[in-house]
Amino acid sequence: MERLGIVDDPLRQQLVAHIVDRFYSALAEILRAPSMRGQIELVDCRGLIRGEWYDELHPRNSGYARVAQKFDQHITARISAEGLESMSGPEANEGMTRAASAATELAATLHDDDLLSELGRRATLASVDPSGVVPVDAEFRGAALEGMTDIFLDTGKAIFKRVNRQLHGVMCGDDEDNAADREKLKSVLGLDDTAIAGVLVQILVGSFGLLPAVATVVAALLIKHVLKPSLEEVCDIWGGMLD
């Protein structure tokens with residue numbers, strides 16, 4: 001640009017943005033070819049890094065982290081798409097029903113630490129080989145590997161803490177992007193656990209990018225503690241209405 005006499009910084013930025021946009025459009029056009037479908041994924045990172053550049057080519061660590069997070073989200077969503085989201089028609093309904101029933105059974109039969117350990121175990125397996133994660137059912141193997149119980153439990157706690165916070169933001173926030181999920185959750189509150197679990201699994205897989213087998217355990221924890229008040233809480237509210 002300097003050799004061409006282009007020294008105005010805003011103009012330089014506009015030119016680079018135009019070049020990058022044309023390159024992205026060219027890649028997208030290539031991927032639309034029938035022979036390329038399902039072979040390569042295109043992750044749009046344009047505009048992701050602002051003011052976090054080390055030089056004209058390389059981001060700072062914080063910028064790299066943004067890009068890595070975008071790739072992680074895309075990969076996770078792609079893996080999840082091979083689960084419940086890839087189903088259609090009766091198959092989708094059957095898969096969601098099985099997941100909801102499994103979450104309800106897990107919530108009713110397992111203690112918290114067992115659920116958290118199972119969550120950590122499934123998530124750990126998924127990080128190594130997503131295809132090797134146990135199916136969407138109530139099968140519970142526990143932290144069977146010797147010496148791994150605490151690791152799985154800590155991993156499960158960390159995952160549940162993060163997802164619990166995110167789901168709270170969906171349910172109790174006012175972000176328009178989450179409006180559809182918020183209405184789905186509100187529509188099933190007060191219904192039976194299976195109905196709540198069905199919506200939870202759908203949101204955890206579709207919006208949060210969790211694998212169905214992982215989402216099932218998270219849903220079990222949520223309906224057990226978050227979206228299902230304890231008997232004491234119900235009685236306190238009920239008693240207050242009688243005064």
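This passage walks through the fold of the chain and then a few of its residues.

The model is a predicted one, in which local features need pLDDT of at least 70 and side-chain atom pairs count only at pLDDT 80 or more, while totals for chains, interfaces and linings use all residues. Residues are numbered from 1 along each chain as its sequence is written, and side-chain values use heavy atoms, with hydrogens and water left out.

Start with the overall layout. The chain has nine helices and zero strands, where helices (H or I, at least four residues) and strands (E, at least two) are DSSP runs numbered from the N terminus. Read from that end, the order is simply α-α-α-α-α-α-α-α-α. Of the 243 residues, 31% are buried; that word means under 20% relative accessible area, with exposed being over 50% and partly exposed in between (1.4 Å probe, protein chains only).

Next comes helix α4, residues 112-128. At 1.5 Å a residue its 17 residues should span 24 Å, and the end C-alpha atoms, 25 Å apart, agree with that; the expected span is 1.5 Å times one less than the number of residues. Among the buried residues of α4 are Leu115, Leu119 and Ala123, and also the charged residues Glu118, Arg121 and Arg122.

Leu204 is found in helix α7 (residues 193-206) and has a relative accessible area of 0%. Beyond its neighbours within four places in sequence, Leu204 touches Val163, Gly209, Leu210, Ala215, Val218, Ala219 and Leu222. One of these, Ala219, is 15 residues away from Leu204 in sequence and 8.1 Å away in space, C-alpha to C-alpha. Thr216 belongs to helix α8 (residues 212-226) and is likewise buried, at 0% relative accessible area. The Thr216 side chain reaches the backbone oxygen of Pro212 at 2.8 Å.

Last, a word on rings. The charged end of Arg46 sits over the ring of Tyr24, 3.8 Å from its centre; such a placement requires NZ of Lys or CZ of Arg within 6 Å of the ring centre and within 35 degrees of the ring normal.

Technical notes. A polar contact is a pair of N or O atoms within 3.5 Å; within protein, one must be able to donate a hydrogen and the other to accept it, and residues adjacent in sequence count only if both atoms are side-chain atoms. Contact means heavy atoms within 4.5 Å.
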